[in-house]
Amino acid sequence: MVVRDLLNQLERLAPARRAMSWDAIGLQVGNPTASVHRVLCALDRSWGAVRHAAEHRYDTLITHHPLFLRPPRNFALEDPDRILAASLLEFRIAHIAAHTNWDCATHGVNDALAARLGLTGVIEFGSATEVPWITVTVFVPADHADAVIDAMSAAGAGTMGRYERCAFVSPGTGTFVPLPGANPAIGQVGRAESVAEVRIEMSAPAECSARITAAIRQAHPYELPAIHTVPMLPVREQRFGRVGELPSPMSLAEFATWVADRLGTRPWTWGDPDRAVRRVAVVGGAASGEWREALGMADVFITGEVKQHDALDAVSANLAIMAAGHYETEQPGVVALAERLREALP
């Protein structure tokens, strides 16, 4: 396989459209047509990660944190990031970033953090990127409906949250007269026909429009299927945070010990040590401002780094808050990314 194949697999695991608008993800250094044999996953684009990749002959480095959030104005080798990029090129190591798109992804950073903490009944909450969506409508003979729905689904339609192949199907009658030169799948030239048809409606990200249209035409029995595409209001596809329940209630002080054991860190904790903790909200990394989204949903909010004013405001709002380390809250997601790639690309 080549780097572009790996990028396509990452797109399936963590669609780029879900990344925050300010983020820089995808291929940052390297040739998209270069061969891929060994892939190294790491949290940071650090000298340690690059040295390890070079010493152990990895040709691709995937990190959570990007090398460049903004394109460099020049490539003068005075800045550490530019020197790092030059070293990647020298060692012929491609560098890919999977950042905020992996934070919010299913099985991504925050799902992995919730799992590491033993949370159950996990649901999403908090911020999300607004993505343009469309509704695609097509009319098809009833006995071809399943084939067309399958084709549309494979092209990206009908995935809503943790559900897929979501479609609305309603019956009706289609009428037409094939004109000379037509090659009708049903009926005869010059003769009016009535066919039992169904109307299929499926929603999808706008970026999938061309693929869905092509898939319909491939699966549809008619020469010229009637396809309608209508813009929808933007959809907040996948929220960043996760909230779930502990196996059993414990005090905040006991929970701090639980977190220390599960993450291998000593967390900073704000709140009444004796307060009961049952529901826990998590957003890995530097996301202390997300505590407001967790109000009314959890007893404690965990992130990697907490600003002092956020800690004071959260406690004043009766929400305990915890800083468990940027590395410690995101590294489980890096392990999860390596596992998912190993499953998808054995």
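Between which two strands does the loop that holds arginine 275 lie? Select arginine 275 and you will find it in the loop between strand S13 (268–270) and strand S14 (276–282), where helices (H or I, at least four residues) and strands (E, at least two) are DSSP runs numbered from the N terminus.

Before going on, note that this is a predicted model, in which local features need pLDDT of at least 70 and side-chain atom pairs count only at pLDDT 80 or more, while totals for chains, interfaces and linings use all residues. Residues are numbered from 1 along each chain as its sequence is written, and side-chain values use heavy atoms, with hydrogens and water left out.

**Stop one: arginine 275**

Arginine 275 is buried, a word that here means under 20% relative accessible area, whereas exposed means over 50% and partly exposed lies in between (1.4 Å probe, protein chains only). Arginine 275 has no salt bridge, a salt bridge being a side-chain nitrogen of Lys or Arg within 4 Å of a carboxyl oxygen of Asp or Glu. Show aspartate 299 next, the nearest side chain of opposite charge, which is 4.1 Å away from arginine 275; in this count Lys and Arg are positive and Asp and Glu negative, with His and the chain ends not counted. Then display the backbone oxygen of asparagine 318, which lies 3.1 Å from a polar atom of the side chain of arginine 275. Leaving aside neighbours within four places in sequence, the residues in contact with arginine 275 include Met250, Leu252 and Ala320, contact meaning heavy atoms within 4.5 Å.

**Stop two: salt bridges**

By the rule given above, the count comes to 15 salt bridges. Select glutamate 237 and arginine 18, which form one of them with their closest N and O atoms 2.7 Å apart. This pair links distant parts of the chain, 219 residues apart, with glutamate 237 in the loop between strand S11 (235–236) and strand S12 (241–251) and arginine 18 in the loop between H1 and strand S1 (26–29). Both glutamate 237 and arginine 18 are buried.

Move on to arginine 45, which forms a salt bridge with aspartate 81, the closest N and O atoms being 3.3 Å apart. Because arginine 45 lies in the loop between strand S2 (39–42) and helix H2 (47–55), and aspartate 81 in helix H3 (residues 80–90), the pair ties together parts that are 36 residues apart in sequence. Arginine 45 counts as partly exposed at 25% relative accessibility, and aspartate 81 is also partly exposed, with a relative accessible area of 22%.

**Stop three: valine 36**

Now select valine 36, which is found in the loop between S1 and S2 and is buried, with a relative accessible area of 8%. The C-alpha atoms of valine 36 and valine 2 are separated by 5.1 Å, although these residues are 34 residues apart along the chain. Leaving aside neighbours within four places in sequence, valine 36 is in contact with Met1, Val2, Val3, Leu6, Asp59 and Thr60.

**Stop four: helices H1 and H11**

Finally, show helix H1 (residues 3–13) and helix H11 (residues 326–344), whose axes come within 11 Å and cross at roughly 115 degrees; axes are lines fitted to C-alpha atoms, for helices over the stretch in contact, and angles run from 0 to 180 degrees between N-to-C directions. To see the contact, display Leu6, Gln9, Leu10 and Leu13 of H1 together with Leu337, Arg340, Leu341 and Ala344 of H11.

Notes
A polar contact is a pair of N or O atoms within 3.5 Å; within protein, one must be able to donate a hydrogen and the other to accept it, and residues adjacent in sequence count only if both atoms are side-chain atoms.
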